[in-house]
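Let's take a walk through a protein structure together.

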2 protein chains.
Amino acid sequence: MTTSSDQMDAPVPIAPQAATGSSVGVVRTLFLPFNEPLPLASGQTLDAYALAIETYGTLNADASNAVLICHALNASHHVAGVSADNPDDIGWWDNMVGPGKPVDTDVFFVIGVNNPGSCFGSTGPASIRPETGRPWGAAFPVLTVEDWVLAQARVADRLGIWRFAAVMGGSLGGMQALSWAITCPERVAHCVVIASTPRLSAQNIAFNEVARRAIITDPEFHGGDYYAHNTVPRHGLSVARMVGHITYLSDDDMAEKFGRTQREPAAGGAFHYGYGVEFEVESYLRYQGEKFSRYFDANTYLLITRALDYFDPARETDGDMERALAPATADFLLVSFTTDWRFPPARSREIVRTLLKNGQPATYAEIDAPHGHDAFLLDDTRYHNLMRAYFVRIAATLRSVDPVARASA
Amino acid sequence: MTTSSDQMDAPVPIAPQAATGSSVGVVRTLFLPFNEPLPLASGQTLDAYALAIETYGTLNADASNAVLICHALNASHHVAGVSADNPDDIGWWDNMVGPGKPVDTDVFFVIGVNNPGSCFGSTGPASIRPETGRPWGAAFPVLTVEDWVLAQARVADRLGIWRFAAVMGGSLGGMQALSWAITCPERVAHCVVIASTPRLSAQNIAFNEVARRAIITDPEFHGGDYYAHNTVPRHGLSVARMVGHITYLSDDDMAEKFGRTQREPAAGGAFHYGYGVEFEVESYLRYQGEKFSRYFDANTYLLITRALDYFDPARETDGDMERALAPATADFLLVSFTTDWRFPPARSREIVRTLLKNGQPATYAEIDAPHGHDAFLLDDTRYHNLMRAYFVRIAATLRSVDPVARASA
């Protein structure tokens, strides 16, 4: 990658204060094949794999303006814009990423990577295993957050990006950002961790386990090899999604959205009594569950919930989180939402306190938003203004990168 | 029922201040057949049915010392003591009910009734339907809390109890106590509502719906007629129980009990990675789910969760809870537990506020206990001292009952 001092000296564009910005427009997925085996935390390797990615904006001359967006359970590399294949398929963080948006693609080169093990184009359990000519199924290795970070790092290498201006994510994506900051400290200038947690609680793991049991005990699961039976464990996956979905919304938000609203009483005013859809919240959840079960791979659901369970930076430091986070050199931004009961503010504060004890730079914001865990995906003005301001600050640092130092690192 | 002024003048025994009291000993279930049709809220009727009950202590001469204990989802009429059929089967509220216990069976005559629709001896979906000679299955009518109150009232009639010294329950049992106080005000002197709610929130209904979907979409459910197929929807019922169980425990309690403790690393210190039981909380939940699926009837699970969903005293008063509770004349005791996130203290406070607005007598205690919703079943000293004191107060009122007034009511 060449650098140009002319370009380096050009003024850094600052995001305009438009309320929303505009879309990155039509985007196309790139598929990057990798032949160097990926060594996994489990001891297994993934010998050859492909990763689906999207990029938005332009990488600057010294490759200092790259932002990596890490996705959570059910999202993908398609972060922003409109899919070239499907005009209805808008990126999952389109309100955050785009020209004039908080993560401004007029300033930053933004990358979304579908993690290996997922089901949106990267190699996963539904992919054909070269050795057998059949889908991997249950034989696909267990992956961890650290494995994903390694895979993402290879994408960065391929694109000539040594150091990210920011690595950023919400929920499970925030865990990946945190892991980046710990395992590749020299490659992360800013680490943005939103609505996340240093590690799952027993209750978090319990909900994941219920979801997995619903999938695994569905007779259509066939031990994970349902592809060979031309079926999918649709019911189990639907129940899994329903239980997950409840944990994404706040109690208040559900009350606000659905309350106890029931189907219309029959003529004569008599209430209906039965086990069908009687309350609006049931209709909503069933719809969410069924929709999800039509596009998401059940083995991927198992794999990703397990990666969530296993993530624990302090696993190798005898539970000592201070020691675990000590290697990070990034500037941290942590954001939590008051009504998030999946990963409540207290969990973000644990990370902040640990960083501050270590003398590591951290900014923390607790947003009073009604939408529970899902708030990180939504367009809240205070939240987006905060993100915008933080990325304006990052943009102001871009010129200070010394390309010589970078090249010799 | 005869009364004796001698007995009426005898001093009321006051519960001793022993820490725990003793067991009521070996108890035997009574089965009461009813042939008068039970008219149901749904418009259907249950033409003939039997109810399983247990009683502890001695009904006094004017039948003024009776306490009705209402059970929640997975409990039964077997409230206290040791089942005559099974020495390992201790009553579900044995720490609360017995000689010298907070609800002192040396003072009170305590009744437990298995609600119709349940699966512990009373007529329910697994019972033989006389018209067909086969189990009711899906044809069993939907029952409501109000239907149960009517059935319990018939038990009281049968036993010659006109007015209860107290009607009491936790969780769904508390809803029944509340319903008693509203629908049969003259029959309830004290209404004890523990860890309950005036009506389910959307989130509560959502969790119930996930549980029901897990059962109904299990292929072994056979539309509710699994008895005819000699099977049970074991997997669905197990998942249902797992999700329920999570909501019974507090996040902190789970963290305390299980934390993130994992199976022992393999020799050499390598962590194990897989989809089996890796964390202790998984092992616990699976065990709970599987145990439950061996003894509980799936149709009963549907029926009782639906009764929970439908319960809403203000359903007939256009949502106006003040007007709904206005008919009650009982003295109320409400108890909630700080870490209960299924029915949090705020929900009990709603009831208290409504009663106080109506000028109805209410005592309220919020117990700082770590065990979540399940706390109402556990032996917490402050909680039990409170209950003991309240029932001592009730005992002191027994002599003030005027048997003549009662007989003419």
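Predicted model: local features only at pLDDT ≥ 70, side-chain atom pairs only at ≥ 80, totals over all residues.

Let's begin where the two chains meet. How many residues does each chain bring to the contact? Chain A gives 57 residues, and chain B gives 57 residues. Putting the chains together buries about 5000 Å² between them, and carbon and sulfur atoms give 63% of that area. On the side of chain A, look for A:Arg260, A:Tyr273 and A:Tyr275: these residues lose the most area to chain B, and together they make up 17% of what that side buries.

Now turn to the pairs that reach across. Between chain A and chain B there are 10 salt bridges. One of them joins A:Arg306 to B:Glu282, with the closest N and O atoms 2.6 Å apart.

Which helices of chain A build its side of the contact? At least two residues come from each of α4 (202-216), α5 (234-248), α6 (251-257), α7 (280-295) and α8 (298-310). Of these, α4(A) gives the most, with 11 residues. If you apply our sorting rule to this side of chain A, you get 31 nonpolar, 11 polar and 15 charged residues.

A search of the whole structure turns up five cavities of 30 Å³ or more. The largest cavity has a volume of about 120 Å³. It is lined by 14 residues, and those closest to its centre are A:Ala214, A:Thr217, A:Asp218, B:Ala214 and B:Thr217. The α5 helices of chain A and chain B each supply at least two residues of this lining. Sorted by our rule, the lining of the largest cavity holds six nonpolar, six polar and two charged residues.

The second largest cavity contains about 60 Å³ of space. Among the residues that line this cavity are B:Phe207, B:Ala240, B:Tyr301 and B:Arg342. In chain B, α4 (202-216) and α5 each supply at least two lining residues, and α5(B) gives the most, with four. This lining divides into six nonpolar, two polar and one charged.

Methods: Residues numbered from 1 in each chain as written. Chains lettered and ligands numbered in written order. Heavy atoms only, no water. Contact = heavy atoms within 4.5 Å. Buried area = accessible area lost by both parts, 1.4 Å probe. Salt bridge = Lys/Arg side-chain N within 4 Å of Asp/Glu carboxyl O. Nonpolar A, V, L, I, M, F, W, Y, C, P; charged D, E, K, R; others polar. 1 Å grid on protein atoms, 1.4 Å probe; cavity = no way out; pocket = protein on both sides within 12 Å on 5 of 7 lines; lining within 4 Å. Points joined across faces, edges and corners; volume = space filled by probe spheres on them.
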